[in-house]
Amino acid sequence: GMSAKFVARALSFTLGKGVVALKGARKRPWLEIVRPETQRTYLDHQLRSLRKLHDGPIDAVWDVIPTNGFYDKERLRLHGEGMWRVHELRCPHDEPLITREALDVCGIQGVAALWVDQGRFVGKYGKISGRFKSDELVTIAEWLTDMGFDSSCHGNGERFFEVCIKRSVIKDMINEIRPHIHVSMKNKLCKYRFKM
């Protein structure tokens, strides 16, 4: 139903730039997403899509975080009842951790959200990196491979710091996630050396 779809979508948004944490006196789970103001349209879309899938009201708070750079940052924070399940999946034992269970709940839209926030083309490969723990990267690489997008972890011998998506499958992956990516972020799908 709607609530399962909400959980999958909100959970997807926590794989990259979104953070879910218990906040306030009542310790309710809030999703917080910070983006440069140039991505305000996408942030709007994220909120709208969550409102549409949620049973009942969503409290949302917007504010602007000044930066030293040219662009300020927009911050969106939101809470709704569906966030309890999102928090449970994203923070097992109350510690943030990307697990296989959470990734399986997200499915293909998890791949899309992860790529939009943390993915980039490097030569003919796709790379995913960011604020991930070493074992989270292993989990992500295994999941992507099982989704049909052959991936491996790269590191320095001590720990892993990125997932590398094989050049033979990156084009297929981009085509699969394309319908799940908002028009304002379609630039994340272009690579001049692919005829897409």
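Colleague: Which residues in H1 meet Gln109, Gly110 and Ala113 in H5?
Modeller: On the H1 side they are Ala8, Arg9, Ser12 and Phe13. Keep in mind that this is a predicted model.

Colleague: How do the axes of H1 and H5 sit, in distance and angle?
Modeller: The axes of H1 (residues 2-13) and H5 come within 8 Å and cross at roughly 25 degrees. Angles under 35 degrees count as roughly parallel, and H1 and H5 are therefore roughly parallel to each other.

Colleague: Is that crossing of H1 and H5 left-handed or right-handed?
Modeller: H1 and H5 make a right-handed crossing.

Colleague: Let's take glutamine 118, then. Why does glutamine 118 count as buried?
Modeller: Glutamine 118 has 13% relative accessibility, so it counts as buried; the cut-off is under 20%. This residue lies in H5.

Colleague: What does the side chain of glutamine 118 reach?
Modeller: The glutamine 118 side chain reaches the backbone oxygen of serine 129, at 2.8 Å.

Colleague: And what does glutamine 118 touch, not counting residues up to four places away in sequence?
Modeller: With those left out, glutamine 118 touches Gly16, Lys17, Lys127, Ile128, Ser129, Gly130 and Phe132.

Colleague: How far apart are glutamine 118 and histidine 45, in sequence and in space?
Modeller: Glutamine 118 and histidine 45 are 73 residues apart in sequence, and their C-alpha atoms are 18 Å apart in space.

Colleague: Lysine 127 came up in that contact list. Where is the place of lysine 127?
Modeller: Lysine 127 is in strand S6. At 13% relative accessibility, lysine 127 counts as buried.

Colleague: Which side chain makes a polar contact with the side chain of lysine 127?
Modeller: That would be glutamate 162, with the polar contact at 3.3 Å. Leaving aside neighbours within four places in sequence, lysine 127 is also in contact with residues including Trp115, Gln118, Arg120 and Val163.

Colleague: What is the bridge partner of lysine 127 in S8?
Modeller: Cysteine 164 is the bridge partner of lysine 127 in S8. S6 and S8 (residues 160-165) pair in the antiparallel sense, over 3 bridges.

Colleague: Now the hairpin. How many residues are between S5 and S6?
Modeller: There are 2 residues between S5 and S6. In the turn, glycine 123 has a positive phi of about 60 degrees. S5 (residues 119-122) pairs with S6 (residues 125-128) over 4 bridges, in the antiparallel sense. Phenylalanine 121 has glycine 126 in S6 as its bridge partner.

Colleague: In what order do the 4 strands of that open sheet come, S5 included?
Modeller: The order is S5-S6-S8-S7, with antiparallel pairing. S5 and S7 (151-155) are the edge strands, and each pairs on one side only. Neighbouring strands of this sheet are turned against each other by 35 degrees on average, direction ignored.

Colleague: How many bridges join S7 to S8?
Modeller: S7 and S8 run antiparallel and are joined by 5 bridges. Histidine 154 has glutamate 162 in S8 as its bridge partner. Glutamate 162 is also the residue whose side chain makes the polar contact with lysine 127.

Colleague: Which strands does H7 touch where it packs on the sheet?
Modeller: H7 (residues 167-177) touches S5, S6 and S8, and its direction makes about 75 degrees with that of S8. Helix H6 (residues 134-146) lies across S6, S7 and S8 and runs at about 10 degrees to S8.

Colleague: Switching to the sheet with S1. What is the order of its 4 strands?
Modeller: That open sheet runs S1-S2-S4-S3, and the pairing is antiparallel. S1 (18-23) and S3 (59-65) each have a single partner strand, so one side of each is left without a neighbour in the sheet. From one strand to the next, the twist averages 25 degrees.

Colleague: How many bridges join S1 to S2?
Modeller: S1 and S2 (residues 28-36) run antiparallel and are joined by 6 bridges. Glycine 18 stands opposite isoleucine 33 in S2.

Colleague: Which strands does H2 touch there?
Modeller: H2 (residues 40-53) packs on the sheet and touches S2, S3 and S4 (73-79). The direction of H2 makes about 155 degrees with that of S2.

Terms used: Residues numbered from 1 in each chain as written. Predicted model: local features only at pLDDT ≥ 70, side-chain atom pairs only at ≥ 80, totals over all residues. Heavy atoms only, no water. Buried < 20%, exposed > 50% of the residue type's maximum accessible area, 1.4 Å probe, protein only. Polar contact = N/O pair within 3.5 Å; in protein donor to acceptor, adjacent residues only side chain to side chain. Contact = heavy atoms within 4.5 Å. Pairing = 2+ DSSP bridges. Axes fitted to C-alpha atoms, helices over the stretch in contact; angles between N-to-C directions. Parallel < 35°, antiparallel > 145°, perpendicular 65-115°, else oblique. Left-handed = near helix turned anticlockwise from the far one by under 90°.
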